[in-house]
Amino acid sequence: MVRRMFDEGVRLKTLHGPDKVFDYSLGNPDLTPPTSFVKVVTNILQSNMPGIHGYMTNAGWPDVRDKLAAYLNKTIGHELKKPLDREQVIMTAGAAGAMNCVFKAVLDPGSKVIALAPYFMEYNFYVSNHGGELLVAETDASFRPDPEDLDNNITDDTRAVIINSPNNPTGVIYTKEDLKAIGDVLTKASRRLGRPILLISDEPYRKLVFNDKPVPSVFTAYPYSVVVNSFSKDLSLAGERIGYIAINPEMPGAEVLASAVTLANRILGFVNAPSLMQKAVVELLEESGDLNIYRRRQDLLVGALNQMGYELVKPDGTFYLFPKSPVPDDLAFTEILREELILAVPGCGFARAGYFRLSLCLKEELIEASLAGFARAINRARQLN
Ligand SMILES: Cc1ncc(COP(=O)(O)O)c(C=O)c1O
């Protein structure tokens, strides 16, 4: 649905002009990468580093994995007794590539994976690519995990649970307590099943957080956990396809999983993550795009929508908003928005009907210009109710 709306945006822009169409559909960062990115890439290219354009070990450049492991020990591994080293870090073609490697490594035909709704719908493909089936556990009215519903969805075939915080589409960040509750459910269920269920934490929005809100790590909540991440969103490098898998060093058998995902990286045809990008991003681990820009866009739109009567909370992270649809049928409402030349994705596209997602990857001037359309849309919706 996201892609369909995006394509519709391209069509409408040709018809009406690019400044008349308000494309809130795709999470494709419009900010340019930090200026340091251009400098770092230029330096690498000019240095003629031997082998830089050649194959390397399938897990990625060892020096890159060393530096990334050291950074992860400061951020997501600081409460662990055992530090990460390069053996638990595998460079991948984005978070999408990372998830495909993990699923290839752990799923058998018929295996089940549980996601928490609302969720990024591409998970369905990543799971079915490897013979698995995605099941959906619900979250509560504030989109927080519901441990009981998660537990109810676990069966003998459950192989993994995938979570995403900060969350696309809601912007919600799971607290330490949320993660512990998930970890406790999985610890008990793994004991019951006689084998571990893997917890996969998809974190491409980890750095896109406002008010210094902490993003707790899954590593301390549950030993059988892996993090998948990328530089697509925080450094605006989505097209460069660079990300990584970090395996909890306290996981019994971590080395077996590491070798399985590394083999998957090779045989799925990625072979290795893009070489130049590995060398570049590792120099930029402390950087991210200009959060103030996303924050200004968020303030502007949340303030205006609230005033018009839309129900929504200001998220702590990501560049998404997930307002309630003013009519129960979110498809009908996104159609009303489309008639106002505003492109939004219906909540049913994330397995949570009755909402719609707005991606703030468009300039403030366009957001301003779209406000009249949002006001007309809610007025039209009120007449339908
Ligand atoms: C929740 C989530 N996970 C993963 C991805 C894929 O990211 P990448 O470009 O790193 O493959 C996206 C992209 O929109 C996303 O929103």
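So, which residues come nearest to the ligand? Of the 13 residues around the ligand, the nearest are Gly94, Ala95, Ala96, Ser230 and Ser232. A residue counts as near a molecule or strand when its C-beta atom, placed from the backbone, lies within 6 Å of it.

Before I go on, two housekeeping points. This is a predicted model, where local features need pLDDT of at least 70 and side-chain atom pairs count only at pLDDT 80 or more, while totals for chains, interfaces and linings use all residues. Numbering starts from 1 along each chain, as its sequence is written.

Helix H4, residues 94–106, gives the largest share of the shell, three residues. By type, the shell splits into five nonpolar, seven polar and one charged. Here Ala, Val, Leu, Ile, Met, Phe, Trp, Tyr, Cys and Pro count as nonpolar, Asp, Glu, Lys and Arg as charged, and the others, Gly among them, as polar. As for the labels, helices (H or I, at least four residues) and strands (E, at least two) are DSSP runs numbered from the N terminus.

Now the sheets. Seven strands make an open sheet with mixed pairing, and the order is S2-S8-S7-S6-S5-S3-S4. At the edges you'll find S2 (89–92) and S4 (133–137), each with a single partner strand, so one side of each has no neighbour in the sheet. From one strand to the next, the twist averages 25°. Two strands pair, by the way, if DSSP finds at least two bridges between them.

Look at S6 (residues 198–202) and S7 (residues 225–230): they pair in the parallel sense over four bridges. Asp202 stands opposite Val228 in S7. In the loop between S6 and S7 sits Asp212, and its phi is near 50°, a positive value in a residue other than glycine.

Helix H3 (residues 62–75) lies across S2 and S8 (243–247), and it runs at about 115° to S2. Axes are lines fitted to C-alpha atoms, for helices over the stretch in contact, with angles from 0 to 180 degrees between N-to-C directions.

Two prolines to click on. The peptide bond from Ala117 to Pro118 is cis, omega near -5°, and Pro118 is in the loop between S3 (112–116) and H5 (122–128). Asn168 and Pro169 are also joined by a cis peptide bond, with omega about 20°; that proline, Pro169, is in the loop between S5 (158–164) and H7 (176–193).

There's another open sheet, three strands in the order S9-S12-S11, with antiparallel pairing. Its edge strands, S9 (320–321) and S11 (345–346), each pair on one side only. S11 and S12 (residues 356–359) pair over two bridges, and Val345 has Arg357 in S12 as its bridge partner.

Last stop, a helix pair. The axes of H11 (residues 330–339) and H12 (residues 364–384) come within 9 Å and cross at roughly 135°. H11 and H12 are therefore oblique to each other; under 35 degrees counts as roughly parallel, over 145 as roughly antiparallel, 65 to 115 as roughly perpendicular, and the rest as oblique. Which residues of H11 and H12 make the contact? Phe333, Ile336 and Leu337 do it from H11, with Ala377, Arg380 and Ala381 from H12. Contact means that the C-beta atoms of two residues, placed from the backbone, lie within 7 Å. Those contact residues divide into five nonpolar, no polar and one charged.
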